[in-house]
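Thanks for passing this one along.

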Amino acid sequence: MLRVAVVMGSDSDYEVMVEAAEVLKGFGIECEMTVASAHRTPERAIEFARSAKERGIGVIIAGAGMAAHLAGALAANTTVPVIGVPINASPLGGLDALLSTVQMPPGVPVATVAVGKAGAKNAGFLAAQILGLGNEELAKRLEAHREEMARSVEENAKKVEEKGGG
Ligand code: RP5
């Protein structure tokens, strides 16, 4: 199966980005993690993106905060799908990173997810779904996970109904 690369702009993004890796691990998807900054190490970021396909990477998940150009810079240098995770790392609460990541010009998409840990988790799920298109076994695991989530909501609904108005 193709692998997933989880890249972050700084090691300070690790706590958020590890959520994506955990989701991938749960589905048995091999992933590599590294740091590359669009601003501090632009050549490293470009080289990473340019070599991704030949290294067997099927999806790149890129997380960065502040003026977050990492996902876009990677997407500019590969046709491997890039999922962008905006990180809340500034007094602007992640809105800066969200806008920097989501507003790509036509022709160079970044599939942008929510700000922070929820976004990192969804980046893991989305990467799994992309790889699941070409892998029957993985597709089944994804379906089983959806069913498990639905079961859990049903159980929680029962608990709330039993509790009633207190
Ligand atoms: C961004 O600046 C990084 O992705 C990080 O979210 C933010 C702050 O980086 P550090 O100063 O903590 O290294 O490039």
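1. A word on terms before the details: contact, which is how packing is judged here, means heavy atoms within 4.5 Å. Please keep in mind that this is a predicted model.

2. Let's begin with helix α2, which spans residues 42-52. Its buried residues are Ala45, Phe48, Ala49, Ser51 and Ala52. What do they pack against? Their partners are β1, β2 (31-35), β3 and α3 (70-75).

3. Next, the nonpolar cores. The largest has 23 residues, and Val4, Met17, Ile29, Ile61 and Val85 have the most contacts inside it. At least two residues of this core come from each of β1 (3-8), α1 (14-26), β3 (57-65), β4 (82-87), α5 (117-132) and α6 (136-163). A second, separate core has 21 residues, including Ala5, Ala52, Leu74 and Val80.

4. Met17 deserves a look of its own. Leaving aside neighbours within four places in sequence, Met17 is in contact with Val6, Val7, Met8, Met33, Ile61, Ala62, Gly63, Val85, Ile87 and Ala120.

5. Finally, the ligand. Around it are Gly9, Ser10, Ser12, Asp13, Arg40, Ala64, Gly65, Met66 and Ala89. A polar side-chain atom of Asp13 is 2.6 Å from a ligand oxygen atom, and an N or O atom in the side chain of Ser12 lies 2.7 Å from a ligand oxygen atom. Gly65 takes part through its backbone, with a polar atom 3.1 Å from an oxygen atom of the ligand. Taken alone, the ligand exposes 360 Å², of which the protein buries 74%.

Notes
Residues are numbered from 1 along each chain as its sequence is written. This is a predicted model: local features need pLDDT of at least 70, side-chain atom pairs count only at pLDDT 80 or more; totals for chains, interfaces and linings use all residues. Side-chain values use heavy atoms; hydrogens and water are left out. A nonpolar core is a set of buried Ala, Val, Leu, Ile, Met, Phe, Trp, Tyr and Cys residues joined through side-chain atoms within 4.5 Å. Buried means under 20% relative accessible area, exposed over 50%, partly exposed in between (1.4 Å probe, protein chains only). Helices (H or I, at least four residues) and strands (E, at least two) are DSSP runs, numbered from the N terminus. A residue is near a molecule or strand if one of its heavy atoms lies within 4 Å of it. A polar contact is a pair of N or O atoms within 3.5 Å; within protein, one must be able to donate a hydrogen and the other to accept it, and residues adjacent in sequence count only if both atoms are side-chain atoms. Accessible areas come from the Shrake-Rupley method with a 1.4 Å probe; for residues, only the protein chains shown count as cover.
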